[in-house]
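Me: I have a new structure open and would like to talk it through piece by piece. Could you help me get my bearings?
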Amino acid sequence: MAFVLLYLVVEIVALVALGSAIGLGWTLLVLMAGSVLGLWLARREGVRAAQALAEAVSNRRVPTAEVTDGMLVAAGGVLLFLPGLVTDLAGLLLVLSPTRALVRRRLVRAAEERSPELRTARIRSQAPVVDGEVVEHDAPRPERMVIEGTVVPGDPR
């Protein structure tokens, strides 16, 4: 309940400050333009995040960054849907790619501090692991799938 009250007070103070600085008509125009622009950006970035997720899955990579981006875009869309100037600004920041990358890094770091297994899983998903050591290599993937030294016929890779 205290959070809702704080949210209302912050939004009212922001709207009154903006309204007294630029006027009521311009304030309403800023709110409407911010919502329309934000929802358009949320849709565009949501489609991009879904495409990146599909690409990661098709390339058999663990899509940690793609899933996190999708969740942050969804959270930004929810914030844009809520009425208010501060929530619109926060939603726009989550929808924009550069600021979303900053938030994503902080979220991943905080999650890895709480659960060190997540860091291990992220490192192992990025490179092959041999006897507990992450092997860094830039070797290209083979054109065909190889299982125990035999080429699998009909595999388009």
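Reply: Let us begin with a term: a residue counts as buried when its relative accessible area is under 20%, as exposed when that area is over 50%, and as partly exposed in between. By that rule, E45 is buried, and so is R100, and please keep in mind throughout that this is a predicted model.

Me: OK, and what joins the side chains of E45 and R100?
Reply: The side chains of E45 and R100 meet in a salt bridge, with 3.1 Å from N to O. E45 belongs to helix α2 and R100 to helix α5, which spans residues 97–114, so this pair ties together parts that are 55 residues apart in sequence.

Me: Which other residue does E45 form a salt bridge with?
Reply: E45 also forms a salt bridge with R44, where the closest N and O atoms are 3.0 Å apart.

Me: Is R44 buried or partly exposed?
Reply: R44 counts as partly exposed because its relative accessibility is 32%, whereas E45 is buried because its relative accessible area is 5%.

Me: How many salt bridges does the structure hold?
Reply: There are 5 salt bridges in the structure, and a network of them links R44, E45, R48, D69, R100 and R104.

Me: Switching topic, which residues make up the largest nonpolar core?
Reply: That core has 5 residues in all, namely L41, A42, L80, L92 and V95. Two helices, α2 (24–58) and α4 (85–95), each supply at least two residues of this core.

Me: What is L80 in contact with, leaving aside its neighbours within four places in sequence?
Reply: With those neighbours left aside, L80 is in contact with G34, S35, G38, L39, A42, T87, D88, G91, L92 and V95.

Me: Where does G84 lie?
Reply: G84 lies in the loop between α3 (64–81) and α4, and it counts as buried because its relative accessibility is 13%. Not counting residues up to four places away in sequence, G84 touches E11 and L31. G84 and V10 are 74 residues apart in sequence, yet their C-alpha atoms are 9.3 Å apart in space.

Me: Now the surface: which residues make the nonpolar patch?
Reply: F3, V4, L8, I12 and V16 make a nonpolar surface patch of about 520 Å². One of them, L8, is found in helix α1, which covers residues 2–22, and L8 is partly exposed because its relative accessible area is 42%.

Me: Last one, what does UniProt list as "transmembrane region"?
Reply: The UniProt record, an unreviewed entry, lists residues 12–41 and 71–96 under that name. In the model, the chain over residues 12–41 is 97% helix and 0% strand, with its end C-alpha atoms 25 Å apart. Over residues 71–96 the chain is 85% helix and 0% strand, and there the end C-alpha atoms are 13 Å apart.

Notes
Residues are numbered from 1 along each chain as its sequence is written. This is a predicted model: local features need pLDDT of at least 70, side-chain atom pairs count only at pLDDT 80 or more; totals for chains, interfaces and linings use all residues. Side-chain values use heavy atoms; hydrogens and water are left out. Patches are made of residues with over 30% relative accessible area and no salt bridge: like charges are joined within 9 Å, nonpolar side chains (Val, Leu, Ile, Met, Phe, Trp, Tyr) within 5 Å. Accessible areas come from the Shrake-Rupley method with a 1.4 Å probe; for residues, only the protein chains shown count as cover. A salt bridge is a side-chain nitrogen of Lys or Arg within 4 Å of a carboxyl oxygen of Asp or Glu. Helices (H or I, at least four residues) and strands (E, at least two) are DSSP runs, numbered from the N terminus. Buried means under 20% relative accessible area, exposed over 50%, partly exposed in between (1.4 Å probe, protein chains only). A nonpolar core is a set of buried Ala, Val, Leu, Ile, Met, Phe, Trp, Tyr and Cys residues joined through side-chain atoms within 4.5 Å. Contact means heavy atoms within 4.5 Å. UniProt positions are given in the numbering used here, feature names are shortened, and annotations may be inferred rather than shown by experiment.
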